[in-house]
Amino acid sequence: MLQQLMAKDPLPLQKAKITQAAVVKKCQKATKKAARVTAKAVEARERAEADAKQAADAKQASDDAVIAAEKAIEEATEFLEKVKQEVKGAGKGKLWLMDRELEEAKKYMPKHKLKKLKKQMEAEKKN
């Protein structure tokens, strides 16, 4: 029986060992590559989260700036109307210029905010 085993060709066994070693090496390479890709993905996600937070902060700041601009325009309009009432007939050139500057500032406001401001100004004029 020993002679039968010795007589068998050892080539398939060697081939299987070589194939197994190659598969193990290939799996190790794939594992390393997956680890690198995972690390890059985690880094990209962290960067995206930081950018999202920064964008939210910028949006909040711009909303605050819009509110402040609306209040400033409203105050300027009220002041201009007050000055017009006080000086009746005098300084019309300066009043016209102030009115014109206010109109120019209104051009850069969002349209829906401008409509709201106009309605508010008309209501104040009636009172």
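**Salt bridges in the predicted model**

Lys53 and Asp57 are joined by a salt bridge in which the closest N and O atoms are 3.4 Å apart. The model is predicted, and the structure holds four salt bridges, among them this pair, a bridge between Asp63 and Lys59, and a bridge between Glu104 and Arg100. The points below take these pairs in turn, giving the place of each in its helix and the exposure of its residues.

**Pairs in helix 2**

- Lys53 and Asp57 both belong to helix 2, which covers residues 11–87, and they stand four residues apart, about one turn of the helix.
- Lys53 is exposed, its relative accessible area being 54%, whereas Asp57 counts as partly exposed at 45% relative accessibility.
- The side chains of Asp63 and Lys59 also meet in a salt bridge, with a distance of 3.1 Å from N to O, and these two residues likewise lie in helix 2, four residues apart, about one turn of the helix.
- Within this second pair, Lys59 counts as exposed at 53% relative accessibility, while Asp63, at 31%, counts as partly exposed.

**Pair in helix 3**

- In helix 3, which runs over residues 92–107, Glu104 and Arg100 are four residues apart and therefore separated by about one helical turn, and their side chains meet in a salt bridge of 2.8 Å, N to O.
- Glu104 has a relative accessible area of 29% and is partly exposed, and Arg100, with 37% relative accessibility, counts as partly exposed too.

Definitions and conventions:
Residues numbered from 1 in each chain as written. Predicted model: local features only at pLDDT ≥ 70, side-chain atom pairs only at ≥ 80, totals over all residues. Heavy atoms only, no water. Buried < 20%, exposed > 50% of the residue type's maximum accessible area, 1.4 Å probe, protein only.
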